[in-house]
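This report describes one protein model, starting with a single pair of residues and widening to the whole chain. Please look at the sequence and the structure before reading on.

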Amino acid sequence: MSPLAAFEEILHQINAYNAGADLALLRKAYDVSFEAHAGQVRESGEPYVKHPLEVAQILTKLKLDVPSIAAGLLHDTVEDTTYTQAQIKQQFTEEIAKLVEGVTKISKIPFRSQEEKQAENFRKMIVFMADDIRVVLIKLADRLHNMRTLEHLPEARRGRIAQETQDIYAPLANRLGIGWMKAELEDLCLRYLHPDEYADLSKKIRLKKDERDRMIGELIEVVKRNLVLYGFPGEVTGRSKHLNSIYQKMKRQGITFEEVYDLAAVRIITDTKMNCYGILGMIHSLWRPVPGRFKDYIGVPKSNLYQSLHTTVVGLKGQHVEFQIRTEEMHRVAEEGIAAHWKYKEQGRIDDRDDRLFAWLRQLVEWQQDLSDSRQFLDSVKMDLFGDVIYVFTPKGEIRELPSASSPIDFAYAIHTEIGHHCSGAKVNGKLVPLRHPLKSGDTVEILTTQTQTPTKDWLKYVRTPRAKTRIKHWIKVEEQRRSLELGRQLLERELRRFHLSPGEVFKSGKLEAQAKEAGLASTDDLLIAIGYGKFSAQQVANRLQPEPQLKEGLKEKIIGKIGLGDKGVSVRGVGDVLIHFSKCCNPLPGDPIIGFVTRGRGLSIHAVHCPNIDQLDYDKDRLVEVRWEAEQLESHPVQVTVLAVDRPGMLAAVSAAISAAQTNIRHAEISTSEARKAELNFVIDVKNTGHLDRVLKNIQKVDGVVHAKRVLRGG
């Protein structure tokens, strides 16, 4: 089909659902796109204009408005042609220009990594989405057509684009309620990320197609006869489940294709909710329902407004078949998703009722404002888009959707930030439970609060929602800054008095502000916070405030050293003369990759990069500093080693001798045995570095009867 013929077909489809559409504006958009992309071809060799036409066709399937489809036709002109944003605004409307800007790629911005580019690109999409939901719908249509033509790209690019689609765009289509788009994107991802499995599955499904089609046809005839018999109006259709759904079930349950019974689904569309439940009863009277496979998304809709009754029955010839029962309006929402919930005249705005149901969209906007790190923001979005959900109730019967295994703290923050901050306990179904208690669908949760209760770092171990994690980390950061400000002021005032300087006069003089600026800080408060954290020495600051003749020669250096040597043989970038201690949670050894964390008033805590607790320290990345081991290390470090061995006489003595042979001191040793004639030996030993530890472990492995020996890292 020629580009013009394809465009005329789009106009015909638009006119069918929007009779008053400004077709002249769309013709103008097509002409501009055709002219701008003239001479350009895609990787497939086809004229480039085919891509914006396909994007417009997808948007038409979603029944979007004229500005959206015009923006779909124009979305690549600014990036890939000489056409400018100003020209779009001049020749069309500001509304269309803003939509084009929202979907224009940001490839001209230099990024340190592909991951950072992906994260920042997604952040920008969310910012525009906050203003106009149509931006993300156009972006999804763009991605869908790119995935449909992915075969023409080099293999490396195919994998990267497919992975990004699987991580972000398919789940996003699902949360926006566009089920058919989510299914197609997932199948395309499977094709390029797991090509062998995709080909094998496609072949097996094709071989069974005729048999399956006959079975579905027979089911449909039985259902139609019974609908007439019981007086239910309804349209009945059948379909095969999409490939990725089958693949994920095989992977999740560890079964073969031949063991997947529910390959087919039947959909019944009727006129009222009452008839949906009536037809459900009819289906269950015809075939035996499979226990645990009934879901009522009409009574409890999904967060993306999806409504339907789902049930799986043992149908003809013992085959499992899923039935979906819904009204025409529910089906429209399932097909068009969020696009079904706003009026053309409102320029992409969602009405108040739907805005409340799409609260997660507002959460995305809040997260991107709260989280300065784009990759951290992207991780939060992935967590929200993926995973199973549960539906829990407030005491008043209101529903809250949360990730599976969320805690009462997640529930508290879902209600209100202040309720989360002061959550002191919870009742689940009328019984008191710990705050770490995992919630289940159907639970009724009552939150208990006290003003004296505030968030703790321990909460981060068992909250699941990005909202809760973000709020807790923000509270801890603000609170620690406040405490550090007070501590820094106290430490500096004490040093000033020791040098016979008046704290009041010093604070009024403006000298502290000058020192702060010299250190690259914005204000006196920032300098005091840095002193409270232990980044700067109060003594150094006080020394620099003395009259010039009293200054010793060695005290004229800047507050911040270039690279200072700590007191434990560790070089610290950006900090001089700092107290250092090694974290007991991971006991880093020379040779381990390490990172420093500036504690409040206790100097620098050194952690191994792979320490289990590092993730809990990311609420204030400014306090993470680069550190490295010095070349020469004489000091020994304690490390915990566990040994699994056969339980026999003399085993402890043999392993202890192997440790001693490697010039290592044993600080502590204990042994436990099991009925399976296995012994677990735990030691705390002194080693100089990771190389020394490796020699110790190799010595232990040589002992007859030892199964394995390894280093232990403690979490928590």
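Gln640 has Val684, in β20, as its bridge partner. The model is predicted: local features need pLDDT of at least 70, side-chain atom pairs count only at pLDDT 80 or more, and totals for chains, interfaces and linings use all residues. Residues are numbered from 1 along each chain as its sequence is written, and side-chain values use heavy atoms, with hydrogens and water left out.

**The sheet**

Strands (E, at least two residues) and helices (H or I, at least four) are DSSP runs, numbered from the N terminus. Two strands count as paired if DSSP finds at least two bridges between them. Strands of a sheet pair through backbone hydrogen bonds, either parallel or antiparallel. Here 4 strands make an open, antiparallel sheet in the order β19-β20-β18-β21. Because β19 (665–673) and β21 (706–712) each have a single partner strand, they stand at the edges, and one side of each has no neighbour in the sheet. From one strand to the next, the twist averages 20°; angles run from 0 to 180 degrees between N-to-C directions, and axes are lines fitted to C-alpha atoms, for helices over the stretch in contact.

The pairs are listed below.

| Strand pair | Sense | Bridges |
|---|---|---|
| β18 and β20 | antiparallel | 10 bridges |
| β19 and β20 | antiparallel | 8 bridges |
| β18 and β21 | antiparallel | 6 bridges |

Ala669 has Phe683, in β20, as its bridge partner. Ala645 stands opposite Val706 in β21.

Helix α27 (residues 651–661) touches β18, β19, β20 (678–687) and β21, and its direction makes about 25° with that of β20. Helix α28 (residues 690–701) touches β18, β20 and β21, and its direction makes about 160° with that of β21.

Is β20 enclosed or open? Buried means under 20% relative accessible area, exposed over 50%, and partly exposed in between (1.4 Å probe, protein chains only). Since 7 of the 10 residues of β20 are buried, the rest of the structure largely encloses this strand. Ala654, which lies in helix α27, is partly exposed at a relative accessible area of 24%. The C-alpha atoms of Ala654 and Asp704 are 8.8 Å apart, although 50 residues separate the two along the chain.

**The nonpolar cores**

A nonpolar core is a set of buried Ala, Val, Leu, Ile, Met, Phe, Trp, Tyr and Cys residues joined through side-chain atoms within 4.5 Å. In the largest one, of 60 residues, Phe92, Met147, Leu176 and Met181 touch the most other members. Elements that give two or more residues to this core include α1 (3–17), α2 (23–36) and α10 (155–175). Helix α9 gives the largest share, 8 residues. Another core lies apart from it and has 25 residues, among them Ile216 and Leu309.

**Cysteines and the whole chain**

Cys189 is buried, with a relative accessible area of 1%, and Cys276 is buried at 0%. With a disulfide taken as a pair of cysteine sulfur atoms within 2.5 Å, the count is 0 disulfides.

The protein has 28 helices and 21 strands. Of its 716 residues, 49% are buried. Among contacts with a separation of 6 or more, 65% are between residues 24 or more positions apart.

Key:
Contact = heavy atoms within 4.5 Å.
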